[in-house]
Amino acid sequence: MNDFNTWLAQFADEDSAAGEFVRQVSAMPDWPDGPDTSHRDYVRFTFRPPWGSELRTSTEPLQSLWTRYISERVGPVAVPSELLGAARTLAVALERGSSDEVRKLCRETRLEPDQRDLLLSRALQVHRVWESHTLGRHETDKDRLGRIARMRMFAMAWHPDPGQAVGFVQYSGLDDDAVVDMVEFRDPSWLAGFGHAAGLSSGLVKQFCHRLEHLAPTEAEFSPLLEIWAGASTHVPGMNKKLLSRTVTALARLDRLPAGQVKRWTRALHEEHTAVAANAVTALTTLAGEPSHLTGEQVADVLRVVTDGPSGKATVAVACVAAFWDAGLLSDQQVTEWAGHVLFRPERTVANAVVRLLGQALRADPSRADALLPALAGAFAHPAADTQEKALALIAEHHERLGEEARARVARATGQLPAPVRRQAIALLELPGEEPDRPEEHSEVALPHVDLLPEPAPAGPVEPPLRDAQEVAVELGAVLSARIPQPLAVERVLDGLVRLALSDRPALAEALQPVLRPYENRQRDEGHLREVVLVEVFLLALAVAGRAAPDLHIGSDRDQWHKECGHRVFDSVITARLVEVAQRIEAGEALPFLLATPTLSTGEIEPRVLLERLHEYRRRGVRVGAADFDQALFRLRPDPGIPHTPAEELGTPEGHRLARWMADGLFPAPPSEQAVILPFTYPDDPGAASGYPTGWNLKALERAAEEYVTELRRQGTVGPPPPWAPPGAGPGTWWEFEPGLIRIGAAGVMGRLDGFSPAFRAVGEAYRARQNHCAWAFELQAWRRTFPLWLAVVPGHPDVVVTRTLTSFAEGAERDRSSAAVHLPAVAEAAGPAGPAVHLALAYGMGAAKMAERTAAADALLCLSGRSELDTGRLGGMLAELINIDALKPKRVAQTLRSAASVAPAGVHAVLAAALPLVLPQDAGPARAGLAELLALAVDCAEAAPGRPPITGVPAIAARGGTSLLVRTARRLLNM
């Protein structure tokens, strides 16, 4: 029996709660009888197993008895007689005082080593016993808890090993500021070790660093702690700039900068949070005063950040360039060359920072105008109107100092300004140029500009079928390893596998061995395989090679797991067809070819070719596969010139179905309906609406949720969900919100799909606009590799696919994640009309967070415009709706449209003409951020494509007072 049970035996005969408890647990056969470890070994036996809703007995006697047992083990509260004076006062406070008293005495008392060691051994003894035997959350003895907390405080403050002292921080019950308050009396070397042990990114180190201002000013003495401060600057955001500058200067003069510290600062400019990058800027600008610590390579690194880095970091890094320039680390020529590159960046904040830098240099030394003004004129080509205006104002201020060659360069640069600003520049700079336009001299009205876009290539024939085993193996390897497999390549491989399985299966199996071997050892789970190969193609190839039977239940399992996924039907169609082929090959049936292999580059099949294939199947006596024939019908290309009577004359069930399908107009395009879905609506009462989120985007919702939860915690309650929570949300689920969004639903066309197999009939099911849950939405992102294959299920009807997968396109704008917008060019190139779903996906792509996705959206816009499928009014209206519900950021939309405007200014102007009247502020209301960029783009488009009609709402903005960028841009547009 262990010590605790031996100790309990003394109460067995008592007529008390303790005695009753001891008699009850003695009757429990599973009561612990091993060595003492923790009260938890005993508490769990007071409940019914496994998690017991009823108690066997009350736990209160156990808690009380355990407290008494451990207290006796720790021993009586006594102050060692060896402690005298201040040490004895501190010892008494540790045993019986308050936490505040201990904190004060720890700061003020100075102990001799022997007294410190005696007190420390006592504190560590109490800590060890109570740490091993605490009741944890069951603890009720506040006096005892206070005692152990005081002991831990002392151990933290006085332990000779700073690494072990840090281990007591989490037990002390103190916040970071209080911890630093207790230990800052220690010598700098100990504090440096404490800071290293705590971790350079911890809040504790940040508090340490903020205390340095009132420490002794002897930098040499405190250099170990200063090194900690310097290291923390690459991790902790928002550090004290004045103190960091002092620290860097001191370390540089003492030659004590930590090894590689300058490199870490330059790396922080590239990689770290913008607030951390600001620390690095402070450090590097300070270090410019100590140029011996900077190499040419490090200076070049900073220049690269401003030239190529993210906009937030590039803007703050301009200060580094200014400091390097002032310190003589950069010449005027280097700076002007660098400025020319940076002014090509589209971000307004970066360009304005460079313009300010050059302006400050000119005001400090006007004699440098001849060298700097031509570089400043590079801002004339910048898309931001205010950047152009600021650069022009600086050049006008100093243009009299320009030499002939520099003046000629500035004059050439003015040609890149919009017409109204160009005329202003010529007048201000007294340059020879065009005379101002006089409307009365123009007797003819200018014809509207028309965008000249390349016409889409006509649908051409696909490559001939594969007829050699080695060719099939090579093409299969390319498909399996492709980052985004192309539908025509996949179909050609599938057809080749089927053809060679009939004509020369042994040779095909041998050729496939080296291709399949790398994948066979990987996990045979569909979700995993989808990350490395197209699982259906892989399993079919295994079946053809006779290496292993495919998992023929994979399709039904996926239907069960992902019933709500919008893309489920397309995956099921692909699976159903390939499983059917694999089953027939496994059964030994000979298939000469696949019926659904496309014949045109659009992924469609010509009716004449499908009829010929059916004739060949009948001649050979081959049974038509249901899924293969269904897919062939879905891919049939409309051709009014071909009658359906030859299909009837075929005399087979498939011939009759083909004839009816052609007579009914092939695949039916379902009607669609757009729905705006908001997470909440604002109440009419302004007072009630004050506690609501400031917008419908995720950032506003999350900020409001944090404020609401903070207030609940302050009140000490869980509380009900906020009034703006989703309907029916409970206390534990109300924060699972969706942002404001627009989706499209489709009506069902099941009646037209009678006779099709279930997987294909599902494509015609009705689809609700709110049905957007997707189990793969972010974790696996199924659209990454398979979206082009989904388009190939119903070629000629991209809206059918996009309607069900809109969530994957919206992720980039709504949640700043990777999205399917990278596939927008494929959607735009797909045969068939571009309906509302395609336009909505394009609108979401134009506001995506990633530049690559916005570039893809611009390409898709140009492609649709070239195919005459772009409805500029519809797209502009959708952009306006999304902006008004906070689903899109206007600045991102402006960047995307500007990319397209260089090729199609008239089309972009038409989109803006439809969108701007709906998003420009009415009356005197505030304007959304980024609208000025959209309006400035309209100015550029109006100049590049003259003759466009005016944009509604612009005169009202131009008539406003003030000189905001939005008002100035509206006036420019109105005066064109």
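1. Contact here means heavy atoms within 4.5 Å, and the model to which this criterion is applied is a predicted one. On that basis, helix α48 meets α49 through Pro 905, Val 908, His 909, Leu 912, Leu 916 and Val 919, while the residues of α49 that face them are Leu 931, Leu 934, Leu 935, Leu 937, Ala 938, Cys 941, Ala 942 and Ala 944. By class, this contact of α48 with α49 comprises 13 nonpolar residues, one polar residue and no charged ones.

2. As for the geometry of that pair, the axes of α48 (residues 905–919) and α49 come within 9 Å and cross at roughly 145°, and the crossing is left-handed.

3. Helix α23 covers residues 385–398, and because its 14 residues should span 20 Å at 1.5 Å a residue, the 20 Å between its end C-alpha atoms agrees with expectation. Its buried residues are Ala 385, Asp 386, Thr 387, Gln 388, Ala 391, Leu 392, Leu 394, Ile 395 and His 398, and these pack against several helices, including α21 (348–364), α24 (404–413) and α49 (931–944).

4. Another partner of the buried residues of α23 is α22 (369–376), and the two helices pack at an angle of about 155° with their axes 10 Å apart. Angles over 145 degrees count as roughly antiparallel, and α22 is therefore roughly antiparallel to α23. The crossing of α22 past α23 is left-handed. Ala 369, Leu 373 and Leu 376 of α22 make the contact with Ala 391, Leu 394, Ile 395 and His 398 of α23, a set that divides into six nonpolar residues, one polar and no charged.

Key
Residues are numbered from 1 along each chain as its sequence is written. This is a predicted model: local features need pLDDT of at least 70, side-chain atom pairs count only at pLDDT 80 or more; totals for chains, interfaces and linings use all residues. Side-chain values use heavy atoms; hydrogens and water are left out. Helices (H or I, at least four residues) and strands (E, at least two) are DSSP runs, numbered from the N terminus. The expected span of a helix is 1.5 Å times one less than its number of residues. Buried means under 20% relative accessible area, exposed over 50%, partly exposed in between (1.4 Å probe, protein chains only). Axes are lines fitted to C-alpha atoms, for helices over the stretch in contact, and angles run from 0 to 180 degrees between N-to-C directions. Angles under 35 degrees count as roughly parallel, over 145 as roughly antiparallel, 65 to 115 as roughly perpendicular and the rest as oblique. A crossing is left-handed if the near helix is turned anticlockwise from the far one by less than a right angle, and right-handed if clockwise. Ala, Val, Leu, Ile, Met, Phe, Trp, Tyr, Cys and Pro count as nonpolar, Asp, Glu, Lys and Arg as charged, and the others, Gly among them, as polar.
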